[in-house]
Amino acid sequence: MPARVHAIIVTRTSATSLARLLRTVDAVTQQTRKPDAITVVVCGAADAVRSSPTIAAAVEGIIGARSTTTLTTAFSLAYPRTADADVWLLTDDAVPEPHALAVLSGALERSPSAAAAAPKLLDGSDTGTIASFGQSMTRYGRTVDLAHGRLDQGQRDGIDDTLGSDIRGLLVRGADKKTLLPDAALHGADEGLDLGVRARLAGKRVTLAAGARIGVALETPQGSAARAYDVRRSQLHRRLAYAPAFAVFVHWLSLPLLALWRSIVHLIAKRPAEVIPEWSAAVATMVSIPSVVRARARIKQHRTVGWHSVAPLRVSRAEQKQLLDDATDHPEAVSELGFLSGGGAWAVLTALVVSVSAFFSLLAWPAVGGGALLPLRNTVAALWRDAAFGVRGEGLHLFGPADPFSAVVAMLGTFSAATPSYALIVLWVFSLPLAMLGAWFAATRFTSSSGLRIVAAAAWTLSPTFIAALITGRPAAVLVHLLLPWLFHTVLVAHRSWGAAGAASLLAAAVAACAPSLVPALLLLWIVAIVIAAVGRTWRGIMRVLWLIVPTIAAFVPLTIYQLRNGTAWSLLADPGLTVVGAVASADPTGRQQILAGYPLGNSGGWPEIIGAATPWALWLAAPLAVVALAGVFSQRWVAATVGLVVAASGLVTALAAPSIAVAADQSQPVALWPGSGLSLAWAGAIAAATIALHNTAVSVWLRRGAATVVVVALVATAVPGLTALMRGTSDLRNGPASTLPAYISAHGAGEQNIGTLLLAPQDEGDLYATVIWGSSRTLGAQSTLRVTPATTPDTVLATLAVDLVSGRDFAAAEQLADHALEFVLLETPAESETEQARALRLQSIAALDRRAGFVRVGETAKGVLWRVDHEVQPRPAATTAQARTATTVVTLQLVVLAIALLLAVPTRASRRAARGRSRIVGVRSTPVMAAPEPDAARVPEPDAAPLPEPDAMPEPEPAAELAAALEPEPTGDPEPTDDPEPTDGKEQQ
C-alpha cells in the first residue's frame, strides 16, 4: 500500500503571494497521485489566504506565523499535523507538473535506503533551464549546485544519488522525518543540503527523481544582500556543526580572519555588495553558539556512519572549477581589437619617433628642469613619506595633509626606484606615444573603424594644450593629459562592471590630484552619469557610478578639512607642484580668444616666434575639429555625441574661468590657475563627439575622410612650433641639476630629509621671501599648496626670524636657528633683472649675516650665497602624539579605500570572459547598426567578410531607442561583466 503523503506549502505575504499560492495549490490538487492532505503556512498576514474559498476547500489547515519566520521553522510548525505520512515540502513559487508527486513517491518505494526524494527544479519562466537538480559541497563546506542555470538536456537524468538538494519539492519519508527535521538555524539556505548530509551520516541517502519536474523562481548567482547573508550564515553554521569537536573552537576563532580574507576575495571577484553580509554572517554565527550545540547534538544522536560516507560525494577543486567555467561560459559578442592589424601599433611607433626627435637632448641630461619641474627624492621611501599626512617637506615645522599630487609623484618615481628623478625624463621622452596609446584605446569606445581611431588618437596627441604643457615643463598638466583617455575608456563602461568602476575611480582620483581645478567639472559629469544610470533603472549600475568618487573623496578630505578650518576653501583649486609665474593666456578678451582656440599660453601656439609676425590664422586651426564635433548632434548616435559636447563645454568653461582665479603665489607674485587642464577636458569631449560624427553621420565616405584629413592637418600645424621649441631654444626645459640647493648641502647631509635650509629671496618691491627646505633639494613631491596658498594663520615664527636675521637687531640668531633644526641659510641668486629695492635688501642681508656671530660663510654658489650655522643643531621636532595618531588614522583610511579600489580594478578570468560578451563600443544597441569602417590601407580585410551597409543606407533609430542604447541596462541574472585589460589579441565588435 503506498504511503500517505502530506504536502506543506509555505508562503510569505506580499502583493502577489495569494496569486502564487493559488497557482501552487491548483497544481498540487491536479496531481495524478494526489496528496492525502495539504497544510498551508502563512508567514505574515493570513487574512487573505483564510478568506479564499479555493484554498479553504483544498487544504486541511492554515497556520499563521510571523513574517520573519524562517523556512525551516515554518515547515516545523506543520510537522505535528503530518502524523506518519511522507512530507512534501513546497513553497508558493513551486508549480509541480501533474506526475511530479507520483514519480517522487515511486522513487522512495524503489529505494528503501532513501530518506528523501528530490525533484528536478526548472526555471518557472523558462522550463528549458534547470534551477536545481542535486547539490554538493566542497571540502570547506561551500554549497555547489550541480546544475543551476544549465539547459535541460537530460545530462543528469541517469544520476540518482546526490549528497543533497534544494529543499523546495523535496519528499521526505515519514519514518525519517523526525530524524531529518530541517535545521532551524539555517536562514533560508542549504536546508536541503544539510538534510542530505545528516541523512548520509544516519546511513540513509537522498535520491534524485528526474521525472518529477517542478517550476520554481530561478535564483541568480548575484542576489540581494539579504540572500548573500543567508547563504553565508548557513554555510558558517554548517561548518561549526560538521567540524570535529577539537576543531570547533579553532573554527570559531578564525571567523573574523576568514571574513577579512573573503572580503578581499569578494572585491577581487567584483562582488562588493557581499562584503557587509560576510561580516554580518560571521558576527551572527559567533554569537549563535546554542544553535550550533543543538545541531551537533542532533547529528551525534542519529549518526551511524562516519564522514567517510560523505567524502565521495564532495566536489573536488577541479570539478568546482569546471562547474564555474561552464556556468559563466557564454557567446562572445565582440571580435578582434585590431591594435596591430588596424594600425594602432604603427601610430604609437610614429609618435615615439616624433617624441624622440623633439626631446632627443633630454636623453643626455641627468635630470630635467625648468618651468614647474623639480627633482624627486632620492629614495622611494622618501617619496611616499612626502605623500603621507604628516610634516611637510617645506616650511618651518608645517604639519598637515599632503597634496594628493604627491602620491602621483611617488607612484611615478617608484617606477624608477634606482633614480626616481629619471622618471621625469622618461615621461617627457615617451609622452607622445603614451598619449597616442591612451587615446587610441579611448577611441575604441566610440568607433570600430581603425582609421578613425588613429585620427582621434592623433588629434589628442597633437592638441595645443598638451604640447604647451610639455614645452613649459608642467608635469601635472602632462599627467592629466595622459590619464584622461584612460579615464574615458573606463568610466564609459563603469556602469557595466565593478572592474571598470574600480579602475575609473582610481584614474578619477589621479586626474583630480593633478588638476584640482577640474573637480567641479568632474563632479558635474559624475552627476550626469548618475542620472543616466538612474534612467536606465540598473541599481547595480548606480552603485558602481556612485563608487567613482569615493577614492577622490578619500584623497581630498584631509586637505579640504585643513583649508576649511583656515577659511581658505578656494585654495583647494590651486594647481599642485611647484608654483611658477609663466606665460599663460590672460583673462582679457584677447586671452579668452586664445583659450577658445585651444591655446593655454596665449601665443597662438608659438607661430609668431617662428614667423616674426602676428598669425591670426592660427586661431582657426582648431575650427575644423569644432565643426565636426558639432555635427555629431546630427548623427545617428546623437545622444552620445551630445554627452561628448557637454564634456567639452564643461572643460571649456573651466579653462575660461582659470585665468581669473589666483589662489596661489610664486614668492610674492600671484599665480592664476593653469587653463590647460580645462582645455584637455574640452579637447577630450570634442574628439569624442567628432569621432562619433565621422563614424555615424549619413554622408559619403569621401566627405568624412576629407573632414578627418583637414582636422589632422590643422592640428599638425598647431604642433609644429611646440615640437621644435627645444631645438630652437625657446622651450622652458633645461638641463636640470640633481639638486636645487648648493652641492655643499647635499654632500654634508647625504640626502637626509632632516637637514633644514632657510631660503631667503629679496623681492622686487623690497619685501623678503622666506621658506624652509628640508633635505638636500627642493623636490616635486615635497611641494604643498598649504605653503603657497593664503592662510588665516601665517607662519609668524618664520617671518619674524627671517626679518630679524637680515636686520640690525642683536639677538642669538645662530642659537634660534639651531633650535629650529636649521643648519644653513641660503640667500637666493638674483633674477636677471633685479630692482634697486631688491638689490639694496640683498646687500643689507649679506652684510647682516656676515656680521653675526655663529654663522660661517661657505661662499657664493650658483644657487646663491650660503652660510652654515656654527652651533649644535637640534633634530627636527617629531610629530606630537596627537598628530601621529591623526596621521595614522588618515593614512589607514586612505589605504583601505585605495586597497578596495585596487581589488575591484584587478581583472579576473571570469570578468574578462564576461566583458567579451558585450560590445566594447558604448551608445549602441545589442545588435548595432553601424557604418562601415573607413577604407584604410593598414587594415587587412578578412576573407568572406560581408560588408556592412553605408550610413546613408541605414534607418535612423528613434530617439528613445538611441537613449536606451546609450544607457545599456544590464540584464538581471547575467554574470557581472567587467572591462577586460584590452590585450592586443582582444576582441571588438564587428
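**Figure 1. The lining of the largest cavity is sorted by residue class.** By class, 13 lining residues are nonpolar, 1 is polar and none is charged. Ala, Val, Leu, Ile, Met, Phe, Trp, Tyr, Cys and Pro count as nonpolar, Asp, Glu, Lys and Arg as charged, and the others, Gly among them, as polar. The model is predicted: local features need pLDDT of at least 70 and side-chain atom pairs pLDDT 80 or more, while totals for chains, interfaces and linings use all residues. Residues are numbered from 1 along each chain as its sequence is written, and side-chain values use heavy atoms, with hydrogens and water left out. The largest cavity has a volume of about 140 Å³. Of its 14 lining residues, Ala439, Ala442, Phe446, Ala684 and Ile687 are the closest to the centre. A cavity is a set of points, on a 1 Å grid over the protein atoms alone, where a 1.4 Å probe fits but cannot get out; lining residues have an atom within 4 Å of a point. Grid points are joined across faces, edges and corners, and the volume is the space filled by probe spheres set on the points. By this rule, the structure has 6 cavities of 30 Å³ or more.

Figure 2. Helix 28 gives the most, with 4 residues. Helices (H or I, at least four residues) and strands (E, at least two) are DSSP runs, numbered from the N terminus.

**Figure 3. Helix 18 is largely enclosed by the rest of the structure.** Buried means under 20% relative accessible area, exposed over 50%, and partly exposed in between (1.4 Å probe, protein chains only). The buried residues include Pro464, Phe466 and Leu470. Gly473 follows helix 18 and has a positive phi, near 70°.

**Figure 4. Phe360, Leu363, Tyr422, Val426, Phe430 and Leu434 make a nonpolar surface patch.** The patch covers about 520 Å². Patch residues have over 30% relative accessible area and no salt bridge; like charges are joined within 9 Å, and nonpolar side chains (Val, Leu, Ile, Met, Phe, Trp, Tyr) within 5 Å. Areas come from the Shrake-Rupley method with a 1.4 Å probe, and for residues only the protein chains shown count as cover. Leu363 lies in the loop between helix 12 (344-358) and strand 14 (368-369). Leu363 is partly exposed, at 41% relative accessible area. Trp365 also belongs to the loop between helix 12 and strand 14, but Trp365 is buried, at 15%. Its C-alpha atom is 8.1 Å from that of Ile425, 60 residues away along the chain.

**Figure 5. Salt bridges join buried residues at two sites.** Side chains of opposite charge can pair when their charged atoms come close. A salt bridge here is a side-chain nitrogen of Lys or Arg within 4 Å of a carboxyl oxygen of Asp or Glu. The structure holds 22 salt bridges. Arg377 pairs with Asp386, with 2.6 Å between the closest N and O atoms. Arg377 is buried, at 6% relative accessible area. Asp386 is buried too, at 4%. Asp166 pairs with Arg168 at 3.1 Å between the closest N and O atoms, and both residues are buried.

**Figure 6. Glu860 and Arg857 meet in a salt bridge.** The N to O distance is 3.2 Å. Glu860 is exposed, at 64% relative accessible area. Arg857 is partly exposed, at 35%. Elsewhere, Glu97, Lys120, Asp152, Asp157 and Arg213 are linked in a salt-bridge network.

**Figure 7. Ala83 has a positive phi without being a glycine.** Its phi is near 50°. Ala83 is in the loop between helix 4 (71-78) and strand 4 (86-91). Ala83 is exposed, at 53% relative accessible area. His397, also not a glycine, has a positive phi of about 55°. His397 sits in the loop between strand 15 (390-391) and strand 16 (399-400). His397 is partly exposed, at 27%.

**Figure 8. Ser650 and Leu681 are 31 residues apart in sequence.** Their C-alpha atoms are 7.8 Å apart in space. Ser650 belongs to helix 27 (residues 638-657). Ser650 is buried, at 8% relative accessibility.

Notes
On a 1 Å grid over the protein atoms alone, a cavity is a set of points where a 1.4 Å probe fits but cannot get out, and a pocket is an open set with protein on both sides within 12 Å along at least five of seven lines; lining residues have an atom within 4 Å of a point.
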